[in-house]
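These are my notebook entries on a structure that I looked up. The sequence and the model are placed below for reference.

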Amino acid sequence: MSDVIAECRDVHAGMRGYRVVPARRCHLREVLPRLRKTDASEMEQASGRAAQAAAARAFALSPVRWAMLHDGRCIALGGARPYAQFPGVAAVWLYGTLALDRAGRALARLAPLFAARLRAVWPVLVNVLSPAQLAAYPAMERWLARCGLFLAPVRPVGAEGALMHPCMTGGVTPCAEISGGPSWARLCRRA
């Protein structure tokens, strides 16, 4: 298939059948009703919107987005949404279904490649990670580090002040105060 961005073929590591393709609306429609509870909760806390609305918004605002398929079924979506007021800065995101939990090795192998591609366009990548998400997936911190992103200590984020770990590339440090919505203009400054 000509639109395949990446593919895992390693039978011995249990990764056969995983492909990454450019994400389309049909992939979004397939994933939204099956979002992992931890992903949905994190999106709601960070954005103040219903999870499906927050996921659809991230998808719509991202010029770079991909779908991870397993045996032809979409199990996750990822992408990056740039900040117009900050050239070179984008919010990177990934959300998926419970099937994503079984794709750990494939995701670990493919994610650094995509992070490098994103950083070639946007040198600074940012997002937030809920403590509940980190507790549910303790290996996530190592995975993020492999992608060049690091967690800051928990702090209030967004309009509701949800406690989150700011997650960012190494060239960014969090500001002391976060006020208003999840605005990275107030959250981050270049180191």
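This is a predicted model: local features need pLDDT of at least 70, side-chain atom pairs count only at pLDDT 80 or more; totals for chains, interfaces and linings use all residues.

Entry 1, cysteines. I looked up cysteine 167 and noted that it counts as buried, at 5% relative accessibility; buried means under 20% relative accessible area, exposed over 50%, and partly exposed in between, with a 1.4 Å probe and protein chains only. The closest cysteine sulfur to that of cysteine 167 belongs to cysteine 147, at 9.1 Å, which is too far for a bond. Cysteine 74 also counts as buried, at 0% relative accessibility. Its sulfur lies 8.0 Å from the closest cysteine sulfur, that of cysteine 26, again too far for a bond. I then searched the whole structure and recorded 0 disulfides, a disulfide being a pair of cysteine sulfur atoms within 2.5 Å.

Residues are numbered from 1 along each chain as its sequence is written, and side-chain values use heavy atoms, with hydrogens and water left out.

Helices (H or I, at least four residues) and strands (E, at least two) are DSSP runs, numbered from the N terminus. Which residues of helix H3 (residues 51–60) are buried? I listed Ala51, Ala54, Ala55, Ala58 and Phe59. Seen down the axis of H3, these buried residues fall within an arc of 135 degrees, so they line one face of the helix; the arc is that of the directions from the helix axis to the C-beta atoms. As a general point, an α-helix has 3.6 residues a turn, so residues three or four places apart point the same way. The buried residues of H3 pack against helices H1 (25–31) and H2 (37–47) and strands S3 (64–70), S4 (73–82) and S5 (89–96), where contact means heavy atoms within 4.5 Å.

I found Thr38, Asp39, Ala40, Glu42, Met43 and Ala46 to be the buried residues of H2. Their cover includes H3, S5, S6, helix H5 (131–136) and strand S9 (162–169). Glycine 48 follows H2 and has a positive phi, near 75 degrees.

S4 and S5 run antiparallel and are joined by 7 bridges; two strands pair if DSSP finds at least two bridges between them. Proline 82 stands opposite alanine 90 in S5. The two strands S4 and S5 form a hairpin with 6 residues between them, and glycine 88 in the turn has a positive phi of about 90 degrees. S5 runs parallel to strand S6 (residues 124–129), with 3 bridges between them. Valine 124 in S6 is the bridge partner of valine 89.

Is leucine 35 buried or exposed? Leucine 35, in the loop between H1 and H2, is buried, with a relative accessible area of 14%. Leaving aside neighbours within four places in sequence, I recorded its contacts as Met43, Ala51, Tyr95 and Gly96. Proline 63, in the loop between H3 and S3, is exposed, with a relative accessible area of 59%. With neighbours within four places in sequence left aside, proline 63 is in contact with Ala80, Pro82 and Trp122.
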